[in-house]
Amino acid sequence: MLRHLLALFALVLMTAAPLGVAAQGTLLPPEPDRSATGGAQTLEDIMRRQAGIKIDDSFRRDNIGGAAPEAPELGTRGGASDPDLWRALRYNEADVRASTINPNGKVLIQDGGMWWLSFRRGPLATYGGWLLLGTIGILAVFFLLRGRIKIDGGKAGSTVQRFKWIERFAHWTLAGSFLLLGFTGLFTLFGRKYLVPLLGHEFNSTLLHYSKFIHNNVSWAFMLGLIMVFVMWVWHNIPDRTDITWFAQAGGIIGKKHPPAKKFNAGQKIIFWSVILLGASVSVSGLSLLFPFDLPLFAHTFSVLNDWGVPGWFGRDAFPVQLAPQEEMQFAQLWHAIVAFLLMAVIIGHIYIGTLGMEGAYDAMGSGQVDENWAHQHHSIWYEKVKEREAAEARNPASKTATPAE
């Protein structure tokens, strides 16, 4: 599943931002004439590279450590020039000594990240921001048209236990950590553009310093909550025939009918699996970022997709498989952010239904007790089983069990 998502993500990135690989059938302009510069790069070379067009840079790569100048005393490094040093560093051919035992520590310059920076500042921030604002706008319009979903006949005044304390603990651990992760991630992405002009560089610097600390450490609580929620609720979220009826009646949102449902209805199952799948994906990419260079995700995946011929299905050249460690992190960071935006949009909808959108819904995760009329209206199958169990326990107290209600 993850590899299929990675394939889709790679195609989006390669379409939205140049990776230095031209599409099949694209006619590239001829290489620039460098005779006027004595073989050195020209303005046209620079402009082509900035445009993301692949160029033959052997005229620079092969000229590392050329002949020493006739007047070595004029050079800042004696018989070698500074450009020689920077070219060697850029192409990872310099004799570098690093204190770290990680061989990736010797890669001091990696100039393949301009596409990542352009994508992060452009499509990622633009479309991600509009996704969140659009979700909020759609929910606002829906609320104006539909209003709050009320309890038919009002509250009964008696309650039934909806979730036990351990279930609420898992939910709020997951929810609270995700809110912190979401806000700190948005500060990191949008702080320079929006917070600096309003509050200044110093405020933004301090905010991002603590945001990074919170983001890196709260992530563990998010992963713990995700595992707990999955283990406790996965069996209640397996699709069944009752979901067909729920969809046919639009979940009771349109019209006056309220379809029968078990502990979780079809809409809640969509939320559950979205949170589990997207949450697992964002966790894996987050671990890759927390432990850079130790958990590469993309080079091998791209190699497998190339073997399957996936790029050719879309008229693209093969995916790059020789990725520098920094490039692995760039892909992981973008994947992390894109999945996080999708998950934030899902959670915004979930928050709306659980608070403003539906009367009595918040009580399920607030106190764990819900009004009996609410339970019968929205989860009638589950409610009837709870009442049957309570009646059986009343007749035979010895049969009382701690098994959660279905």
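What is the mean pLDDT of the protein, and what percentage of its residues reach 70 or more? The structure is a predicted model, with a mean pLDDT of 83 for the protein; 80% of the residues reach 70 or more. Confidence is lowest in helix α1, residues 2-16, where the mean is 51. The highest confidence belongs to helix α7, residues 201-233, with a mean of 96. Where pLDDT is low, the predicted coordinates should not be read in detail.

Helix α7 packs with helix α9, residues 266-290. The axes of α7 and α9 come within 10 Å and cross at roughly 145°, and the crossing is left-handed. On the α7 side, the contact involves Asn216, Ser219, Trp220, Phe222, Met223, Leu226, Val229, Phe230 and Trp233. These residues meet Phe272, Trp273, Val275, Ile276, Gly279, Ala280, Val282, Ser283, Leu287 and Leu290 of α9. By residue class, the contact of α7 with α9 comprises 15 nonpolar and 4 polar residues, and no charged ones. An α-helix has 3.6 residues a turn, so residues three or four places apart point the same way.

The unreviewed UniProt entry annotates residues 124-145, 169-190, 218-235, 270-293 and 334-353 as "transmembrane region". Two of these annotated spans were examined in the model. In residues 218-235, the end C-alpha atoms are 27 Å apart, and the span is 89% helix and 0% strand. For residues 270-293, the corresponding separation of the end C-alpha atoms is 34 Å, with 88% helix and 0% strand.

Ala250 is placed in the loop between α8 (241-248) and α9. Although Ala250 is not a glycine, its phi is positive, at about 55°. With a relative accessibility of 30%, Ala250 counts as partly exposed. In helix α10, residues 299-308, the buried residues include Ala299, Thr301, Phe302, Val304 and Leu305. Gly309 follows α10 and has a positive phi, near 80°.

Definitions and conventions: Residues are numbered from 1 along each chain as its sequence is written. This is a predicted model: local features need pLDDT of at least 70, side-chain atom pairs count only at pLDDT 80 or more; totals for chains, interfaces and linings use all residues. Side-chain values use heavy atoms; hydrogens and water are left out. pLDDT is the predictor's confidence in each residue, from 0 to 100. Helices (H or I, at least four residues) and strands (E, at least two) are DSSP runs, numbered from the N terminus. Axes are lines fitted to C-alpha atoms, for helices over the stretch in contact, and angles run from 0 to 180 degrees between N-to-C directions. A crossing is left-handed if the near helix is turned anticlockwise from the far one by less than a right angle, and right-handed if clockwise. Contact means heavy atoms within 4.5 Å. Ala, Val, Leu, Ile, Met, Phe, Trp, Tyr, Cys and Pro count as nonpolar, Asp, Glu, Lys and Arg as charged, and the others, Gly among them, as polar. UniProt positions are given in the numbering used here, feature names are shortened, and annotations may be inferred rather than shown by experiment. Buried means under 20% relative accessible area, exposed over 50%, partly exposed in between (1.4 Å probe, protein chains only).
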